[in-house]
Amino acid sequence: MGKLYDKLAEDIRMEEGLKACLHCGTCTAICPAASFFNYQPRQIAEILQSRDDDRIEALLKSDTIWYCGECMSCVTRCPRGNAPGLLITVLRSASQEMGYFIESEKGRQQLAVKRTVGEWILKYGYCLFPSEIQPSAHPEQGPVWEWEFAHIEAVMERLGANYQRSGPGILRKIPEEDLEEVRRIFEVTGGADRFRKIEEYSKVKAAEMGLTLDEGNDNEYMQHISTYNSHRHGRES
Amino acid sequence: MNTGGKKIIWNEYQKTIADDRYFYVRSCVRQNFFPGSEKTFLRILREELIRDIYENPSHTTCSGIGYHADVVPFETAMTMVARQFALMTASGYKNFTTSCITSFGLYTEVLETWRHSPETEERVRGNLFKATGRSFVIPENLSHASDVIYRFREEIAAKAVYRLINRKTGLPLRGVEHIGCHYAKMFPSKGVGGAEYPFVLTGMIESWGGEVVDYPERRHCCGFGFRQYLVRANRGYSLSCSKKKFESMAPYNPDFILTNCPGCPMFLDRWQYALSEMEGITYGGNGMGIPVLTYEELAGLVLGYDPWDLGLQVHQVPVEPLLDKIGIAYDPGKKFLTRDGLPMGKPAAPSHLKFYPDE
């Protein structure tokens, strides 16, 4: 017992997030994810505090760690200074580093996050970019976004943006030398390595599931992980 | 409401907000969805308050959404933050102000981590130098852009053309305020008023003549949830959180929702539309929604700025009912025109949510 726990404890966020949990359940009472999913942040702290490697490994392979929305409401309310939401960040990092994320429906979705927000950071220097927010994939954005999307340059000009031009301003084109610095930061600090691991483990899982997976987003595995819902996640299921 | 005791608690959470010479960094979400708000922030600071606020074009995302969607490691996020600090240092500024709440939370988390662990800070300094050759000085003051507007709320009130008063009844307009979770839930002492009774938006509403409505789910998350919105299969979480808030606030008949986080106004605006399409529900009375505003948009309105310069035309829930209550003059015919006054079509009308006044 304890080797996997010891590995997790190397992450400084464990030290910040886990003091001594008294299992009062205040975090679960306030947690938005616990309202909708079969999820209890109290249980996260309890399992980690047990230092039981078998239970921790099962957690890393489960859907459970992917339900949290990282709103951190639990941090404010804990009477003992624990931060279950921060512990979730530790567990999710470890699950991806160890390749356990592909063992759960919700964990597998990390490839979809990596291939959107992750890659946009390196490509544009922004976490989001208008041309990537296709109205067909975002029906909730409504007719206003559909209109904006169709007239993006004119709308951005009307609202004072410096859309894809040099110099300062809203949605300016980030200079290539600055994007290069961002890419080097990712290489030096493990960000690029995280991306590679997500890709490699996902390829293995796609093959195992018999789904096609190429470098784009329009393939069977990407479509599956982005849209599939087993409906086995709710409190009543 | 009786706020006597709460005001005593608020007094314990009064942070220092720099007075001038700000290094400004932008928000990914707001640049995409509420560009007019960032434009208005700089306009108010430079033209109304005559303050020095500088934007370095080399700054990028802090990677915060990637960090909280867990594809970006903490080590990487810390080094991205360090690069922003390095740009501030190289530009000769010491007061760092950010447009984004996710960023504000990340900057705070990183600084607190370094305070507890100087060896982590040293390692990140090494990372940054190795990757970019840059170095940095830690900001003397870290503020969110809403802190800055809060600091100058009385100056803005003194210049106001309009007050948050219903022109027909003479009564204060009633707003609900929604604070982004990462503003103070992680580090309550870093936000004005702390996490339980944050005063940053309440202070603006009250100074500009309005009244704040308390309601049960006031502190509930809007539901962004990072991966819970980003991945299509998870969006029910995001929608359900917003619905919980709407159901809780609607009985109090608020005239508007005021927000200080980039994502919250987008979700509280768009999910009202989605719920109207899915369930035929609207929350503002007579088929209307509850208008959702950023703090810069509200500041701009009371200062008499043209609503279409503020970007209110890119809201899915129309803001006109609030403009009419305040008595703000605006030209509906200019809502969807280009900068040069040319037409560029109009958004289609939703099935249920009233979008055009003559529907």
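In chain B, strands S1 and S3 (residues 95–98) pair in the parallel sense over four bridges. Helices and strands here are DSSP runs, numbered from the N terminus, with H or I runs of at least four residues for helices and E runs of at least two for strands. Two strands count as paired if DSSP finds at least two bridges between them. Within this pairing, B:Tyr24 stands opposite B:Thr97 in S3(B).

The model is predicted: local features need pLDDT of at least 70 and side-chain atom pairs count only at pLDDT 80 or more, while totals for chains, interfaces and linings use all residues. Residues are numbered from 1 along each chain as its sequence is written, and chains are lettered from A and ligands numbered from 1 in the order in which they are written.

**Strands of chain B**

S1(B) is also joined by two bridges to strand S2 (residues 53–54) of chain B, and the two run parallel. B:Phe23 is the residue that stands opposite B:Tyr54 in S2(B). Both faces of S1(B) are covered, with B:Tyr22 and B:Tyr24 buried on one side and B:Phe23 and B:Val25 buried on the other. A residue is buried if 20 or more other C-beta atoms lie within 10 Å of its own, exposed if 12 or fewer, and partly exposed in between, with C-beta atoms placed from the backbone.

An open sheet of four strands in chain B has the order S6-S5-S7-S8, with parallel pairing. Its edge strands are S6 (211–212) and S8 (292–294), each of which pairs on one side only. Strand S5 (residues 174–178) of chain B is joined to S6(B) by two bridges, and B:Gly175 stands opposite B:Val212 in S6(B). Helix H14 (residues 263–279) of chain B lies across S5, S7 (256–259) and S8 of chain B, and runs at about 165 degrees to S8(B). That angle, on a scale from 0 to 180 degrees, is taken between N-to-C directions of axes fitted to C-alpha atoms, for helices over the stretch in contact.

**Domains**

Domain bounds come from an automatic or database domain assignment. Chain A is divided into domain 1 (3–106) and domain 2 (107–227), and chain B is assigned domain 1 (19–145) and domain 2 (153–334). Two residues are in contact if their C-beta atoms, placed from the backbone, lie within 7 Å.

| Domain pair | C-alpha centres apart | Residues in contact, domain 1 | Residues in contact, domain 2 |
|---|---|---|---|
| Chain A, domains 1 and 2 | 27 Å | 11 residues | 11 residues |
| Chain B, domains 1 and 2 | 25 Å | 26 residues | 28 residues |

On the side of domain 1 of chain A that touches domain 2 of chain A, two or more residues come from each of helix H8 (84–97) and helix H9 (105–108) of chain A. H8(A) gives the most, with three residues. By class, this side of domain 1 of chain A has three nonpolar, four polar and four charged residues. Ala, Val, Leu, Ile, Met, Phe, Trp, Tyr, Cys and Pro count as nonpolar, Asp, Glu, Lys and Arg as charged, and the others, Gly among them, as polar.

For chain B, the elements giving two or more residues to the side of domain 1 that touches domain 2 are helices H2 (28–33), H3 (35–48), H4 (64–68) and H6 (101–116). That side of domain 1 of chain B has 12 nonpolar, nine polar and five charged residues.

**Chain interface and cores**

Between the chains, 73 residues of chain B are in contact with 71 residues of chain A. H5(B) supplies the largest share of the chain B side, six residues. By class, the chain B side has 31 nonpolar, 27 polar and 15 charged residues.

A nonpolar core is a set of buried Ala, Val, Leu, Ile, Met, Phe, Trp, Tyr and Cys residues joined through C-beta atoms within 7 Å. The largest such core has 170 residues, and A:Ala33, A:Leu87 and B:Val81 have the most contacts inside it. Helix H5 (residues 74–91) of chain B gives the most to this core, with 10 residues. Not counting residues up to four places away in sequence, A:Leu87 touches A:Met14, A:Gly17, A:Leu18, A:Ile44, A:Ala45 and A:Leu48. A second, separate core of 11 residues includes A:Trp145, A:Met156, A:Leu159 and A:Ile170.

**Positive phi values**

A:Glu70, a residue other than glycine, has a positive phi near 55 degrees. A:Glu70 is placed in the loop between helix H6 (53–60) and helix H7 (73–77) of chain A, and is buried because 26 other C-beta atoms lie within 10 Å. Phi of B:Arg21 is likewise positive, near 55 degrees. B:Arg21 lies in the loop between helix H1 (4–11) and strand S1 (22–25) of chain B, and counts as partly exposed because it has 14 C-beta neighbours inside 10 Å.
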